Amino acid sequence: MKRLAHDPTALAGAFLLAPLILGALIGPFLAETALVTHLDARLLPPGQGHWFGTDALGRDVLARTLAGAGATLGLAFLVAGLAAPLGLALGAVAGSLGGIVETLLMRTTDIALAVPRLILALALAAALGPGLLNAALAVALTAWPPYARQARAETLAARKADFIAAARLCGASEMRIALVHIAPLGVSSMLVRLSLDLSGIVLASAGLGFLGLGAQPPLPEWGAMVATGRTHLVDAPWVAGFPGLAILMAGLGFSLLGDAIRDALDPRNERC
Amino acid sequence: MRSLLTLPLTLLALLACTFAFTKIAPIDPVLAVVGDRASEAARIQARKDLGLDRPWPIQFLWHVERTVTGDLGLSTSTGHAVLDDLAQVFPATIELALAATLIGLVLGLPLGIIGAYWRGSWPDHLARLIALLGHSVPVFWLGLMALYLFYALLGWAPGPGRLNFYLEGLVPTVSGFILLDSLLAGRLDVAGDALAHLVLPALTLGLFSTALFARTSRALMLDALGQDFILTARAKGLSEWNVVLGHALKSCAAPMVTTLALALGSLLEGSVLTETVFSWPGLGAYMTGALMAADMAAILGGTLLIGLVVSLLNLGADFLQRKLDPRTAS
Amino acid sequence: MLYVRTLICSLFLVFCAPAWAETPPNVLMVGMRLDDLATLDPAEVFEVSGGELVANLYDRLIDMVDGQPKGVLAESWKISADGRQFIFTLKKGTKFHSGKVVTAGDVAWSFERVVKLDRGAAPLLRQLGLTQQNVGLRARAEGDQTFVLDLADPLAPGLVLNILSSYAASVVDSRLGQQFEKNGDFASTWLRMHDGGSGPFKLMLWKPGQGLVLDRFVNHHGRPPAIERIALRHVAESSVQRLMLEKGDLDIARNLAPDDLERLERNTDVKLLRIPQGGLVYLGMNMKAPPLADPKVRRALKLLIDYDGIARNILKGSKTVHQTILADGFAGALKETPYRQNIEEAKRLLSEAGYGGRLALTLDVRNVSPSLYIASALAADFAKAGVRIDIVQMDNRQLLTRYRARSHMLTLAQWSPDYPDPHATIQGFAWNPDNSDASPFRLLAWRNGWNIPELTGLVQSAKSERDGTKRAKLYEQVQRTALDGGPYAVMFQDMLVLAHRASVHNLRPGLTFDSMRYADVTKDGLK
């Protein structure tokens, strides 16, 4: 942790993410400004009163971008919270139980890995209908396989450890061993992978938002804001520009922070 | 060998997924066929024709049978068979993905090698920055900004699309790749127009592949340059040029092939958003168009095609890696 | 090697840059939304873009020009004294694109296939009393030059001629029909993607989702078009259409959003055309949803809408405020606009109805602009009286699925009539012979659960009223009833707004979506 605090990469990441996290925190207080339309103040350029300008319904783009942080970051963490533990649990179970269960689970993982994430999410979101929760579900369902693979590999290594044998002697079931004793061992590497994955998740969710499959209007969400800003791209590039920059900041911030966390937590990966 | 067996399994699972998707979609498939103003009798008949009155396991078997025989259903947004549509749009996507891969190889590979060789120097930092950007920039936004800047403001690039539309149909379709077809037909004006239209979307998508290649080749080269055989080669008095490009780079060939296959897969994914932005008439634009029209047959057909292509790419990469890498050859 | 190639490419680019500036004078480039185009078969088109294309690929017996019938394939026609028989004499020597001569047999076959196929166009011909059983007898050829139409009941002659001038009455090449027929489909599978007409343009190429290319039909019986080739390209975004128009990549842009129109007003290279259309934008209120069954609530909602504000700030002349169910331009249409935003009155009505401050409704809306903007503005307006709106954004088919199942609460919908007769619209909004869930007639009144036996009878009698003035009076009465208590807040009338380069001339669209004809268009520089 201390190492992390002095790492310039981590600092740069934190610097990029700070305004977004701030936005997510104060977002609920901005809901009023972000949602109320002023039809007489449409498409005002950035300047006094509106630092980022206003959008096609006269809403303040700065307020919307800040408020949108909640939706996007929330979505990213929701996906992370769904996909990573799911992958971990499945991987641990597959690794501990072995046999047909393992084959079945790992084949499923292979298959899920074979289709690009956005495509499957797109098909799923199309079937489920648009919405923030559905988008999260769609991305999560496509994000878990790498975690499962990693967890399984670690489980195979840990299965022979003494304390596992002890637990087994005490009469614990294999399922219990997998979930209670083995899975926690995989948490740290899961977190490392997660930190590297977050920027991809943010981009995928923003992409779904851009295609109209994420948060529904008038809720502010960055991808959707870029999509609506597209209509006024030529006259008001700021409407699509700033939310896009926010996505870029989030992507960069998570990438940098992820790199730093990996370097700090994973001793095998020497810094380069 | 095992991966060869996985392929049909993967496809079957994909089919199951896509079938499940059609079942949970909140859209009346009959409406898509007969329209809003048809009579009730016509609707009931259409329901029967689609087999929607049968139990769903039978519907699924039909679904598999139809897919295997190449019948992916009728796209409700284009009115054509999905398979015909895919055959028409997929070459455009390949064209774009190949162009982006080419850009990635031309820019990314040297960046990675230079970065690894002069580690910590400014080209290295540049390489890392580009890799970082390519990894974190939302491609749909980048495309929009590029279109705004180079078409709307500066007028350097032609507008969205793959060709000026009135030039469509002037060149007989041989391969589906407009650039190739127009050169074959000797229409330089059409070829020039097609090339000009290709530049902006290819560069947008190319940033991603550049980043990927720079990142991978840098890591691989760093690893290779630290190996014993490089020391040996240097000790033998070979030129640096020879050591780096001849020995170190050669040892990276096998993993690079895997990266290439992965990149092509990811580019297919990236093309969904890029094509939407540039109205590039490929698979991505087709699928997002279908998405807006809730055209499930088209979406699922596209998903299947991409799944198939990516699986094949993985298989090919596996195979090539085995061939190229002496360690796994045995 | 790779470097060299990139270098050549980039050099090439720099020097060829101006090559894509203008379109040639013999080519007309049209940018429009074509993503809803799924079929070109006149018997099943039910989307706007398809109707327009069919109108240019196919001829009909007659056309309506400024409300007056004009012969196209028909040389002349007679109406019998009892108003039940229409006899058309065809022009001689008119030809299909295939080269076959147009005969009365083709006309009869075209009517038969529409009615028997029972797709999108069938309801129009059914208005004439044609059914699958009787169409062969009632719409028949007598020799090669004479087509006879018998009506079951006398109908208003205007209604009959209006229907015969619609896309449903397009004349299709029956020889191609026999050639490509598959399991009694009247060649529908083939005609969906090909053209079997005699119109001024023929279909050269259709790339779904991308666009179409039409070439002129040199042997057209009228004057062949001046323009040699029309390329209709699918451009989804209004801003892109505008940009391409400004850059000269397009000659005509069809789907421009209000903001883009406003900016184009100042461009001297571009001209704008605004033509009122028969279409309406309205808010459907499902009376199956308990709060909306209360007339006070419906009235309150109608009073909460800031009609002028939305028209001025969002629509900007792309639609005009209109509150009755019949669009301006049809015989008998009322121009009254009694509703103005009145929040206090609306609050009072809501609390009288027992919904003061605690009414939450969903609003279904199509995922395109300006519908989304209108929906957002409506939500903001309704919130002023404490009515909470959840906007549910979806694509058109999904919206229709929910609408047809009456599972919506509020829906922001668009209506466009199929033929330029008031009956098309009036029947849609105010005719509901069976309000049960199993009803075979699912027009707008049914979808919103409006049970109106008396009004339905009124609409029925207006349909056969042969006196034009009396007919108009009946329609006024229907409109007033719907305006007061109907489950619709009609808000705006469509305008066809298109922008074209100043070099394009003679564009004359009319009241319905299939009245856009390209045959007379000319361009500067064209010899």
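Predicted model: local features only at pLDDT ≥ 70, side-chain atom pairs only at ≥ 80, totals over all residues.

Colleague: Where in chain B is confidence lowest, and where is it highest?

Modeller: Chain B has an average pLDDT of 82, and 94% of its residues score at least 70. The lowest confidence in chain B falls in helix H15 (residues 326–329), with a mean of 54. The highest is in helix H7 (residues 139–153), at 90.

Colleague: How many helices and strands does chain B have?

Modeller: A count of elements gives the class of fold at a glance. For chain B the count is 15 helices and zero strands. Chain A likewise has zero strands, with 12 helices; read from the N terminus, its elements are α-α-α-α-α-α-α-α-α-α-α-α.

Colleague: What are the dimensions of chain A along its principal axes?

Modeller: The C-alpha atoms of chain A occupy a box of roughly 75 × 45 × 30 Å. For chain B, the C-alpha trace extends over about 85 × 55 × 40 Å along the principal axes.

Colleague: What share of the residues is buried in chain A?

Modeller: Burial is read from relative accessible area, and contact order from the sequence separation of contacting residues. In chain A, 57% of the 272 residues are buried. Of its contacts between residues at least 6 apart in sequence, 72% link residues at least 24 apart. In chain B, buried residues account for 54% of 330, and 70% of the contacts between residues at least 6 apart join residues at least 24 apart.

Colleague: Let us turn to helix packing. At what angle do H5 (residues 82–117) and H14 (residues 296–324) of chain B cross?

Modeller: One reads the approach of the axes, then the angle, then the handedness. The axes of H5(B) and H14(B) come within 10 Å and cross at roughly 55 degrees. Angles from 65 to 115 degrees would count as roughly perpendicular and those under 35 as roughly parallel, so H5(B) and H14(B) are oblique to each other. Their crossing is right-handed.

Colleague: Which residues of H5(B) and H14(B) meet there?

Modeller: From H5(B) come B:Val82, B:Leu86 and B:Phe90. Their partners in H14(B) are B:Ala297, B:Ala298, B:Gly301, B:Gly302, B:Leu305 and B:Val309. Sorted by class, this contact has seven nonpolar, two polar and no charged residues.

Colleague: How do H12 (residues 237–265) of chain A and H6 (residues 122–136) of chain B cross?

Modeller: The axes of H12(A) and H6(B) come within 8 Å, with a crossing angle of roughly 120 degrees. H12(A) and H6(B) are therefore oblique to each other, and the crossing is right-handed. On the side of H12(A), the contact involves A:Ile247, A:Leu248, A:Gly251, A:Leu252, A:Ser255 and A:Leu256; on the side of H6(B), it involves B:Leu132, B:Leu133, B:His135 and B:Ser136. The classes here are six nonpolar, four polar and no charged residues.

Colleague: Is A:Arg59 buried or exposed?

Modeller: For a single residue, one reads its element, its accessibility and its contacts together. A:Arg59 sits in the loop between helix H2 (8–35) and H3 of chain A. Buried means under 20% relative accessible area; A:Arg59 has 7%, so it is buried. Beyond its neighbours within four places in sequence, A:Arg59 has contacts that include A:Thr33, A:Leu35, A:Gly53, A:Arg64 and A:Pro218.

Colleague: How does A:Ala89 count by accessibility?

Modeller: A:Ala89 belongs to helix H3 (residues 61–97) of chain A, and its relative accessibility of 26% makes it partly exposed.

Colleague: Finally, what is the phi of C:Asn183?

Modeller: Backbone angles are read alongside the location of the residue. Phi of C:Asn183 is near 40 degrees, a positive value in a residue other than glycine. C:Asn183 lies in the loop between helix H7 (174–179) and helix H8 (188–191) of chain C and is exposed, with a relative accessible area of 80%. C:Asn506, which is not a glycine either, has a positive phi of about 65 degrees. Its place is the loop between strand S18 (504–505) and strand S19 (522–523) of chain C, and at 35% relative accessible area C:Asn506 is partly exposed.

Conventions: Residues numbered from 1 in each chain as written. Chains lettered and ligands numbered in written order. Heavy atoms only, no water. Axes fitted to C-alpha atoms, helices over the stretch in contact; angles between N-to-C directions. Helix = DSSP H or I, 4+ residues; strand = E, 2+ residues; numbered from the N terminus. Parallel < 35°, antiparallel > 145°, perpendicular 65-115°, else oblique. Left-handed = near helix turned anticlockwise from the far one by under 90°. Contact = heavy atoms within 4.5 Å. Nonpolar A, V, L, I, M, F, W, Y, C, P; charged D, E, K, R; others polar. pLDDT = per-residue confidence, 0-100. Buried < 20%, exposed > 50% of the residue type's maximum accessible area, 1.4 Å probe, protein only.
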